[in-house]
Amino acid sequence: IVLNISGDYILNRAPLHAITIGFATSLLIAMASRVTLGHSGRMLRLDRISWILFLGLQLAAVARIASDFQFNQLLESHSYNLVSVALWLICIGVWFIKFAPIYLSKRIDGKPG
């Protein structure tokens, strides 16, 4: 709407980051969690930590999108960007620490695979 009215493009790369962080990374984490649980013989139920990680990725996407809006202060824009990066790295890192032992161990139901 702003582009049509004023001719100013205020979003920069926000749509790209909405798709890559908000959609692709969240889908990857959700699907990888489900596949990991299912193929290891565990129940297909996300625990509280997994939900927090998923919501943290959504917050990282929102912070990254917010960093692309044209703020009067460049420092504020960079702060949102750093918050986004930190949240994304924390969420991915905690997910890896949580699920890596499952990949390195046998199935808990005793079936092959």
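This is a predicted model: local features need pLDDT of at least 70, side-chain atom pairs count only at pLDDT 80 or more; totals for chains, interfaces and linings use all residues.
Helix α2 runs over residues 14–39. The helix comprises 26 residues and spans 36 Å between its first and last C-alpha, close to the 38 Å expected at 1.5 Å a residue. Buried positions in α2 are Ala14, His17, Ile21, Gly22, Thr25, Ser26, Ile29, Ala32, Ser33, Thr36 and Leu37. Just after the helix, glycine 41 adopts a positive phi of about 85 degrees.

Serine 26 is located in α2. Its relative accessibility is 3%, and serine 26 is therefore classed as buried, the cut-off being under 20%. The side chain of serine 26 comes to 2.9 Å from the backbone oxygen of glycine 22, a residue that is likewise buried in α2. Leaving aside residues up to four places away in sequence, serine 26 is in contact with Ile21, Phe54, Leu57 and Gln58.

The cavity search returned 1 cavity of 30 Å³ or more. The volume of the largest cavity is about 50 Å³. Its lining consists of Ile29, Ala30, Ser33, Leu46, Ser50, Leu53, Phe54 and Trp95. Two or more lining residues are contributed by each of α2 (14–39) and α3 (48–67). By residue class, the lining holds 6 nonpolar and 2 polar residues, and no charged ones. Ile29 and Ser33 of the lining are also among the buried residues of α2.

How values were computed: Residues are numbered from 1 along each chain as its sequence is written. Side-chain values use heavy atoms; hydrogens and water are left out. On a 1 Å grid over the protein atoms alone, a cavity is a set of points where a 1.4 Å probe fits but cannot get out, and a pocket is an open set with protein on both sides within 12 Å along at least five of seven lines; lining residues have an atom within 4 Å of a point. Grid points are joined across faces, edges and corners, and a volume is the space filled by probe spheres set on the points. Helices (H or I, at least four residues) and strands (E, at least two) are DSSP runs, numbered from the N terminus. Ala, Val, Leu, Ile, Met, Phe, Trp, Tyr, Cys and Pro count as nonpolar, Asp, Glu, Lys and Arg as charged, and the others, Gly among them, as polar. The expected span of a helix is 1.5 Å times one less than its number of residues. Buried means under 20% relative accessible area, exposed over 50%, partly exposed in between (1.4 Å probe, protein chains only). A polar contact is a pair of N or O atoms within 3.5 Å; within protein, one must be able to donate a hydrogen and the other to accept it, and residues adjacent in sequence count only if both atoms are side-chain atoms. Contact means heavy atoms within 4.5 Å.
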